[in-house]
Amino acid sequence: MIKLVATDMDGTFLKEDGTYDKDRLANLLPKLAEKGIIFTVASGRSVLAIDELFKEHLDKIAVIAENGSVVQYQGQVIFSDFLTKEQYIEISKKILINPHYTGAGLTFSGQKAAYILKGAGQAYIDKIYHYYENVKIISDFDEMDDDAIYKITTTFSGDTVLDGSDWLDRELPYITAVTTGFESIDVILTEVNKGFGMEHLCKALGIEANQVMAFGDNLNDFQMLEYVRTAIATENARPEIKAISQEVIGHCNDASVLSYLEGLVRDV
């Protein structure tokens, strides 16, 4: 019996323009609750951005944010893991000398804000404003007044993103660089991933992995999809994600996750 459904955001639950059908979700959530199923957002996006995107529903849902660094249930943080100042300074220096780095920019996703290091290109800054809340441009690390920095985000070219992330993994054994889009990576602590976040959430709620269904499209969804009983990929997913999924549904632009879950509550 399914007790929890989790879905990635970009490329999975959200359309390519970053939107979803709010009315359909509002109608779906009480039906899921009636069946004893918890709806969970599992994203590489910052917890601030997710809270804004689902602000009407935070008291009803669970959230796995920052690629597993923050776990939240009914609006309350139940687990978090973050980089030390020494770590995020060392990581940023390594990114800047990465032979595959394009010079686009660096973003530090924190508890209070998202901080872009001065010198980033305008296209990169515009992109970060699209995905993050409370964005601040900083000249140096001392300007970050934050209790927790969860991850560092940067951009490579589509052809070099995997090479760039592999290079960072070799240089810094305490981190993992995960692909969150076809050009973007998130740098997080090596033990952190969406599966790690899912495990913490399930333990807190007394739910077994075989009672969980999850949807994804990209490599940062891999561990989460491996952890759960039922893994489902969207049509636009990477081949590696389709390969570990029990089912492939429609494109994210067709709201295929919403349609699937609407069918689930009818069938349960």
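Colleague: How many residues apart are E199 and K203 in helix 6, and by what part of a helical turn are they separated?

Modeller: Helices here are DSSP runs of H or I with at least four residues, strands are runs of E with at least two, and both are numbered from the N terminus. In helix 6 (residues 194-205), E199 and K203 are four residues apart, so about one helical turn separates them. Before going further, please keep in mind that this is a predicted model, in which local features need pLDDT of at least 70 and side-chain atom pairs count only at pLDDT 80 or more, while totals for chains, interfaces and linings use all residues. Residues are numbered from 1 along each chain as its sequence is written, and side-chain values use heavy atoms, with hydrogens and water left out.

Colleague: What do E199 and K203 form, and how far apart are the closest N and O atoms?

Modeller: A salt bridge is a side-chain nitrogen of Lys or Arg within 4 Å of a carboxyl oxygen of Asp or Glu. E199 and K203 form such a bridge, with 3.3 Å between the closest N and O atoms. By this rule the count comes to twelve salt bridges, and K55 with E52 is also a salt bridge, at 3.0 Å.

Colleague: Which residues are linked with K194 in a network of salt bridges?

Modeller: The network of salt bridges links K194 with D8 and D221.

Colleague: Where in the chain do D145 and K112 lie?

Modeller: Their side chains meet in a salt bridge of 4.0 Å, N to O. This pair links distant parts of the chain, 33 residues apart, with D145 in the loop between strand 8 (135-138) and strand 9 (149-155), and K112 in the loop between strand 6 (106-110) and strand 7 (114-117). As for accessibility, buried means under 20% relative accessible area, exposed over 50%, and partly exposed in between, with a 1.4 Å probe and protein chains only. D145 is exposed at 56%, whereas K112 is partly exposed at 37%.

Colleague: At what angle do helix 1 and helix 9 pack?

Modeller: Two packed helices are described by the angle between their axes and the distance between those axes. The axes are lines fitted to C-alpha atoms over the stretch in contact, and angles run from 0 to 180 degrees between N-to-C directions. Helix 1 (residues 22-34) and helix 9 (residues 256-267) pack at about 30 degrees, with axes 10 Å apart. Where contact means heavy atoms within 4.5 Å, the residues of helix 1 that meet helix 9 include R24, L28 and K31, and those of helix 9 include L258, E262 and V265.
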